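Please examine the sequence and the structure shown below.

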Amino acid sequence: MQHQICENEVGDFRLSSTITERPWAIKSLATAAGLVLLSGVIVLAAGHPLALLGVLLAAAAVVAIFRYPILALGFLFFIQPFNVAIFTALKSHAGLNAGPLGYWKDAVIVALFARALLERIARDRRVPLGSTGDNFVLFYVLAFILFAVASPARTTVLPALGLYIEGPLLFLTIRWLRPNKDQLSFLIAAALTAALVMGGAALIEWFGPRLAFHRWYGAVPPPSGEPFVLPSGGYRAGSFITDPLILGFYLAALLPFATGVVTVRSRLRWIAALTVGLCAGGLIVTITRSGYIGGGIGVLAVLALTVRNPGIRLSIVGLVVVIAGSISISYLASNNQDLVRSESNSSHREHLFQDIDLLAARPFGYGLGTTDRYRFRPKAGAGQLGATENTFLARALESGVQGLFLYLVALYALMMRLRSTRLRARARGDGEHVAIAAGAIGAIIALAVAGLFLGVQELVVEIPLWGIPGIALAWPNAVPAMGPVRSQASADAVVA
């Protein structure tokens, strides 16, 4: 019997050796399998060509995401702000409806999160539950999934859930992938370049074609020109986002971040400098007052955190305040209604009081997908509360005071973590990391302040809110190897 076992083992060994020693055998098997697969593809293509194209694109995307996750992240940072314009152009000029492809960004974020999670489990041999801050973000995601389950059944619940959790999932993805400095610089460059193009297009739109700009790529503004034309006759740029309010929030977030990057000498400085100029110009022509306030305070915060020389800091901050104040005073003195807009101020106040009354009537919320953008969705169902004038109240109305509390704690925790990493970077003389962390703090401040005056909740805003801090916190905690560790004095000189 022992002899028989040994003989079988020898036979198995010879069989495996034959396959490995004869590459033609493997090629023959692969060719046969490929021909069978190709036959199935041809049969499927004859009856369902679009479905097949979608499957092939999805397969290619999955391979790219799992093989090149950082490249996929950079693609998301750059392309997602143009999502609406891209699908509008496809529908208008090529007659292609988005359909399920409209959820590509959601699928990419979820796939990247799964990729990062699997990598941590494979390399660390455990679920990545080491960092208290990351654990809280994961708890935040799970809590909002429970809020969605508890919400009344309606078609807007799942899109609202995606909006609430995809930013945190992106944050965890960046943290768990542990990219190196070159990869993080690539992500920063992608985000800054998208903002640069968006701000530049807003300026071209405002100074040139205006509504014809949107008709050029396929959008169809209403005859009244809303939301681009104010009752006073002033024009508000929407760029490729096609909404001046959302564009104002997006540029308000990227402007402080670009300001942080431009304060330190690095290879990203020239991109950041262009982004600062075009973001500031684009933000101005949106005529979004909440964006002005949020972006301005965010920039001031970044300058206060990055410029170490007290005299220079005071001069720069004073210059920014004087310029902003002069512009505001000139508008008020000329009785320009583009900024004053007294007719809309009363509407803002009415909505705020209505939000507070609704929250007092049901403090545990009305369910996800019941405010702001969701009232425009087809088949939104009953229970829609309409527009809000405060991002925080909008979250409270949908997820209750418990959801608002989690959101506030999450923002506070992000700020404290960024503050700690900034202090550590300053102590070891890493001026670039100081600037990036300060820029991330400024982005959070800008969106938080702007959210006090408008209820804007969009993925194009959530990505910088969570993605930029994710980049700052993933920055390696070491001075670049190209030179010796710098002294505190030299670090101060860099950020000054």
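Leaving out residues up to four places away in sequence, P363 touches G400, V401 and Q402, where contact means heavy atoms within 4.5 Å. The model is a predicted one, in which local features need pLDDT of at least 70 and side-chain atom pairs count only at pLDDT 80 or more, while totals for chains, interfaces and linings use all residues. Residues are numbered from 1 along each chain as its sequence is written, and side-chain values use heavy atoms, with hydrogens and water left out.

Where does P363 lie? It is in the loop between α16 (342-361) and α17 (391-428); helices (H or I, at least four residues) and strands (E, at least two) are DSSP runs, numbered from the N terminus. P363 is partly exposed, with a relative accessible area of 32%. Here buried means under 20% relative accessible area, exposed means over 50%, and partly exposed is in between, with a 1.4 Å probe and protein chains only. P363 and E398 are separated by 35 residues in sequence and by 9.7 Å in space, C-alpha to C-alpha.

Helix α17 also holds F392. This residue, F392, is buried, and its relative accessible area is 12%. Apart from neighbours within four places in sequence, F392 is in contact with L404, Y407, L408, L411, A448, G451 and L452. Of these contacts, L404 is 12 residues from F392 in sequence and 6.6 Å from it in space, C-alpha to C-alpha.

Other loops contain local features of the backbone. Most residues other than glycine have a negative phi, and most peptide bonds are trans. R178, in the loop between α8 (157-177) and α9 (181-207), has a positive phi of about 50° although it is not a glycine. R210, in the loop between α9 and α10, likewise is not a glycine and has a positive phi, of about 55°. With a relative accessible area of 30%, R210 is partly exposed. A cis peptide bond, with omega about 0°, joins E226 and P227; P227 is found in the loop between α10 (211-217) and α11 (244-262).

The next topic is the packing of helices. Two packed helices are described by the angle between their axes and the distance between the axes. The axes of α4 (residues 69-79) and α6 (residues 104-124) come within 11 Å and cross at roughly 150°. Such axes are lines fitted to C-alpha atoms, for helices over the stretch in contact, and angles run from 0 to 180 degrees between N-to-C directions. The angle makes α4 roughly antiparallel to α6, because angles over 145 degrees count as roughly antiparallel, under 35 as roughly parallel, 65 to 115 as roughly perpendicular and the rest as oblique. Among the residues that meet are P69, A72 and L73 in α4, and W104, K105 and V108 in α6.

The last topic is the whole protein. The protein has 20 helices and zero strands, and 47% of its 496 residues count as buried. Which residues touch the most other members of the largest nonpolar core? Of its 115 residues, they are F77, I188 and Y250. A nonpolar core is a set of buried Ala, Val, Leu, Ile, Met, Phe, Trp, Tyr and Cys residues joined through side-chain atoms within 4.5 Å. Neighbours within four places in sequence aside, I188 is in contact with F257, V261, L268, I436, I471 and W475.
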